[in-house]
Amino acid sequence: MSSSNEPKSAATAIEFSHLSRRFGKSLVVDDLTFSIPAGTTCGFIGLNGAGKTTTIRMLVGLLAPSSGRTMLAGCEMPRQRDAAKRLIGYVPDRPTVYKWMTGSQAIAFCKSIYGSQWNDALVASVAKSLRLDLDKQVKHLSKGSAAKLSLLLAIGHDPRVLILDEPTSGFDVLARDEFLEGLLLVNTAGEAQDRPPRTVLFSSHALGDVQRLADSVAILHKGKLVLHEPVEQLLSQTKRIRAVMNESAPQTVAPPGTVHESRLGKEWTVTVRSFSADQVDFIRGKNSVAQVDVQDLTLDEVFRDYVRGELDAPEPVPV
Amino acid sequence: MTDSIPSPILANVRIMRALIAKDWRLFRLPIIGLLVAGVGCLLYTGAFFYFYNFGPNRREHWDNSAILVSVIQNAAHSAGFLTALLASTFGGVAIAGERAERTADFTALLPVTRRQVIMSKFVSAGSVLMVFTLFYALIFIFTFNFSEHLFIRNYPVAIWEWQIGCVISFFGVAWLVSAFTTSAAISACVSIATTMGALAWMSVYMETDRANRYVDVGHRDGNLAMVAFTVGLPCLVAGTIYYLRRTAP
């Protein structure tokens with residue numbers, strides 16, 4: 001018979017259910033509900049102050065939610081955090097390892113805590129691939145090397161879920177590439193050992209990286225979830241319709257599913273979700289347009305338009 | 001195959017050893033402070049004794065051994081008080097210092113329980129403070145038979161009580177404040193102000209209260225120890241309970 005403190009095995013690795021967090025009068029995370037299937041990588045994106053770090057801190061049990069529930073690797077957080085700790089790895093936005101420790105000392109410290117769960121072979125192979133100098137003290141490591149060490153310590157016990165909170169912020173291009181290669185290596189390392197793929201939640205401002213790594217993307221804005229969709233589906237169904245108007249300033253009628261629209265002289269651009277030819281016909285039918293063309297968007301452009309759409313939306317009137 | 005399964009007790013011992021070693025390193029600066037304070041007091045003793053015996057204004061008729069005992073006891077007393085004072089930095093660094101550096105997050109995400117974290121901090125800080133306090137108290141005990149306080153029979157015990165009380169008070173208040181803040185310095189300052197305030201209040205009370213005016217030094221130190229215990233112990237317990245119950249590390 002299992003006790004209530006034992007984690008449940010689940011196909012859903014991460015689950016937020018009506019999660020909210022308030023700091024005084026400020027509602028930083030507002031009724032967040034979404035889940036991430038096991039074995040997938042989710043990019044968690046939003047502007048500064050959107051509530052990403054607060055959400056992640058609640059997820060890993062470093063912060064208590066004001067209301068709602070978080071499940072991580074089958075454990076309810078923060079109630080079952082002690083059980084979850086062996087199942088998760090966390091890479092924070094800046095290294096939290098003791099600065100006086102060398103890389104080797106930090107590894108030895110973690111190994112003595114995790115005991116037999118610590119995977120020496122995995123750590124050795126990833127450290128070698130990352131070209132990490134383990135004899136240097138953490139305080140003498142560059143930002144990129146310190147983040148790589150954090151990644152190494154987070155995967156040493158071979159966790160089922162890996163959570164990264166803006167790990168590459170402030171990195172130069174080369175350091176970022178090396179870190180991401182390390183992350184890809186970590187993700188594929190277990191596949192050779194017939195281990196199910198790791199679930200990764202990856203918060204970042206580098207949307208090119210998210211597009212490259214993530215299976216799905218969740219956009220957070222002002223503490224609210226704007227969308228959570230598979231990246232491929234989002235990019236295939238979100239399009240920008242660019243119309244050249246016949247007259248300079250007539251009223252425009254946007255089609256259903258408009259995320260964001262902008263007007264510059266005669267050029268009118270409309271970003272739409274769930275794109276279909278009907279939306280183009282709608283624009284042609286309801287507006288006086290000379291020319292219409294449809295453009296594909298990158299994740300960066302999709303994010304910008306979704307956030308701009310949210311910023312342009314009227315504030316709800318308090319009841 | 002059962003041999004390969006690690007015993008929970010052994011695993012716990014292994015974890016505690018790692019945490020205590022880490023905490024001893026964490027307390028390195030206060031430990032250096034304790035050593036400097038102790039050496040400083042002993043140097044002061046040596047210099048004092050030297051100038052009385054070999055300096056230009058030496059007094060031949062003085063009883064050198066009585067002076068030596070007296071200055072050694074004064075040095076031990078001062079060093080004991082400085083140890084207690086520095087206990088406030090141990091309390092501050094223990095939680096707030098780790099939180100300010102965000103290393104508390106690192107430890108919190110390792111598979112260790114809050115109880116293990118607390119226990120490790122108590123053992124590492126407590127062992128260091130106890131060794132220093134015991135050392136100074138032993139100086140008192142060994143020199144007691146040669147001292148001018150021989151007529152006060154409970155003097156060494158009272159001094160020891162006073163020192164332990166001060167250590168608990170300085171450490172306990174800093175520990176409690178540290179559980180709420182991210183500044184080791186604020187925790188230590190509040191602890192010093194609170195404990196010194198309580199001791200000063202008790203001293204003034206004893207001076208002005210007719211019943212206490214003529215009590216011996218041993219009794220007074222015992223009373224001060226009681227005040228320090230009364231301030232420190234509840235703070236220590238409250239800080240620990242709060243730290244164990246809160247979600248944030």
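Residues are numbered from 1 along each chain as its sequence is written, and chains are lettered from A in the order in which they are written. Because the model is predicted, local features need pLDDT of at least 70 and side-chain atom pairs count only at pLDDT 80 or more, while totals for chains, interfaces and linings use all residues.

Chain B has nine helices and zero strands; here helices are DSSP runs of H or I with at least four residues, strands are runs of E with at least two, and both are numbered from the N terminus. Of the 249 residues in chain B, 42% are buried. A residue is called buried if 20 or more other C-beta atoms, placed from the backbone, lie within 10 Å of its own, exposed if 12 or fewer do, and partly exposed in between. Two residues are in contact if their C-beta atoms, placed from the backbone, lie within 7 Å. Among contacts in chain B with a separation of 6 or more, 84% join residues 24 or more positions apart.

Helix H1 of chain B (residues 8–26) has 19 residues, which at 1.5 Å a residue should span 27 Å; the end C-alpha atoms are 26 Å apart, in agreement. The expected span is 1.5 Å times one less than the number of residues. In H1(B), the buried residues are B:Ile15, B:Ala18, B:Leu19, B:Lys22, B:Asp23 and B:Leu26. Seen down the axis of H1(B), these fall within an arc of 135°, so they line one face of the helix; the arc is that of the directions from the helix axis to the C-beta atoms. On the other side of H1(B), B:Ile9, B:Leu10, B:Val13 and B:Arg17 are exposed.

Between the chains, 22 residues of chain A are in contact with 20 residues of chain B. On the chain A side, helix H3 (residues 103–114) gives the most, with five residues.

The largest nonpolar core has 97 residues, and A:Leu72, A:Ala106 and A:Phe202 are among those with the most contacts inside it. Such a core is a set of buried Ala, Val, Leu, Ile, Met, Phe, Trp, Tyr and Cys residues joined through C-beta atoms within 7 Å. Helix H5 of chain A (residues 143–155) provides the largest share of this core, eight residues. A second, separate core of 56 residues includes B:Leu26, B:Ile159, B:Leu176 and B:Leu236.
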